[in-house]
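Please keep the sequence and the 3D view open while you read.

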Amino acid sequence: MKIIGRKSEINELERLSKSGAPEFVAVYGRRRVGKTFLVKEFFGNNFVFYATGVSRGTKAEQLQNFQDSLLEYGYKGEASAPKSWNEAFKRLRSVVEQSRQKRKVIFLDELPWMDTQKSRFVQAIDLFWNKWCSTREDVMLVVCGSAASWMVKNIIKNKGGLHNRITCKIHLMPFTLGEMREYLQSRGVRWPEQMLAECYMVMGGVPYYLQQIDRSMSLAQNVDRMFFRENASLGDEFENLYSSLFTHSGDHVEIVRALARKREGLARDEIVKETSLTDGGGLTRRLTELEQCGFIRRYSTINNARQLYQLTDFYTQFYFQFLAGGKTYDDEQWLHLQGTSKHNSWLGLAFERLCFAHMPQIRQALGIAGVATKTFAYQTDGAQVDMVIERADKTVCMCEMKWSALPYAIKKAENGKIGNRLLAVREKYPRYALMVVMVTSGGLVQNEYAMQSVQREVTLEDLFG
């Protein structure tokens, strides 16, 4: 099967597989993003050993599962399960040593699940790498896990024996719009750009969700089938998603629920007020974990006046907007919502999030891909600007994002608001050139106000670039 997108990740894996040196690769990212698929497809399942952790398994169950994999890959020693992880990795050494493959790739999947309480798993893999793997030029150890916070803390930023031992880390992100279109086309789905964009705004570029799409149905029918109908295929996804990633997932859900209510995000003290959580190290860990998994982003307002946390996960926002209230007893709810004020309001806000998720494509469309930039939000009592791009060439782009099915026409009142926002931004950048950029889903009507106020336009097609 062809791997869609993932060009930089494939280039890294190719380089490492041919390096002629011991390599320790950590692949992490949110659940359902395609980590296991990438590794298996790249190597063609050509591993000297492969094992995956058991979800919520005990230490004994994890070790028995590991032993079963050892036997599958030719282990000739004891048939009973090892008593410790040190013993398990000693047995793995014998499996690797008997292999005649030139490049001996070991793939350990869902590593966080193997690390049960008091199992000393991390110490064992530390010893396995430092004492044995690192001395062999033919070994490539690939570890993978959806619990990004565990992977970062215990493997990538380990303060013990694994400190700085990772030779490559791959943080696998959801597909971009362009990659999503390529993936869906490979499955026979031929939708126009606005429908594809709405699909992305419902479920993000998460391959597993996209895999559920039935090409014989419209987008609205698919959303109903996947999320709203009785026994929907992804009806329990929200609970499964957060509980599988985080040990204390209730705290994480509280945070994202609070952020879902605030378009621009919340400052740390505001999160404390909106939740039952206290300010301290626990909150810091929860916010860091959500950020590492790609559910939220931390960003600054102009001049770093304020740091905000904003919900960026499309599916989570969709869930709180339409699903969190419980069963509606309407198996065609999404079909019935089409064109309503609730649906249109969501489209507008989700489109802003879509633009932020595709900043490289916006910079490319503006011809500033090679220019150093900083992106901010700016808010005063009289004006709110959702995206300000500060450029190293002494230019500031004030971006207005508008979702509409047809070309968007700037009217007199809106033109006045644009003027007020420009004045507010001018106060912060008195020596910069200012440029109004319209990012639209359906194009821009070139009326007198557009001709007067707008210098550049970015289209939905550009976001697919």
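## About the model

This is a predicted model, in which local features need pLDDT of at least 70 and side-chain atom pairs count only at pLDDT 80 or more, while totals for chains, interfaces and linings use all residues. Residues are numbered from 1 along each chain as its sequence is written, and side-chain values use heavy atoms, with hydrogens and water left out.

## Nonpolar cores

In soluble globular proteins, nonpolar side chains tend to be buried together. A nonpolar core here is a set of buried Ala, Val, Leu, Ile, Met, Phe, Trp, Tyr and Cys residues joined through side-chain atoms within 4.5 Å. Buried means under 20% relative accessible area, exposed means over 50%, and partly exposed is in between (1.4 Å probe, protein chains only).

The largest nonpolar core holds 121 residues, and L108, F227 and F318 have the most contacts inside it. With neighbours within four places in sequence set aside, L108 is in contact (heavy atoms within 4.5 Å) with residues including F49, F66, F89, M114 and C144. There is also a second, separate core of 21 residues, with Y378, Y432, V436 and M438 among them.

## Cysteines

A disulfide is a covalent bond between the sulfur atoms of two cysteines. With a cut-off of 2.5 Å between the sulfur atoms, a search of the whole structure finds 0 disulfides. For C199, the nearest cysteine sulfur is that of C355, 17 Å away. The closest cysteine sulfur to that of C355 is in C399, at 8.4 Å, which is too far for a bond. C199 is buried, with a relative accessible area of 0%, and C355 is buried with a value of 0% too.

## The second largest pocket

Pockets are found on a 1 Å grid over the protein atoms alone: a pocket is an open set of points where a 1.4 Å probe fits, with protein on both sides within 12 Å along at least five of seven lines, and lining residues have an atom within 4 Å of a point. Grid points are joined across faces, edges and corners, and a volume is the space filled by probe spheres set on the points. The second largest pocket contains about 870 Å³ of space.

Its lining has 30 residues, and S149, W150, L245, F246 and T247 lie nearest the centre. Helix 15 contributes the most to this lining, with 6 residues.

## Helix 7

Helices (H or I, at least four residues) and strands (E, at least two) are DSSP runs, numbered from the N terminus. Is helix 7 enclosed or open? Of its 9 residues, 8 are buried, so helix 7 is largely enclosed by the rest of the structure. The buried residues include S149, W150 and N154. Their cover includes strand 1 (23-28), helix 6 (121-132) and helix 15.

M201 lies in helix 9 (residues 193-203) and is buried at 0% relative accessibility. Beyond its neighbours within four places in sequence, M201 is in contact with F314, W346, L347, A350, F351, L354 and W403.

Q117 is exposed at 72% relative accessibility, and R120 is exposed at 57%. R120 has a positive phi of about 60 degrees although it is not a glycine.
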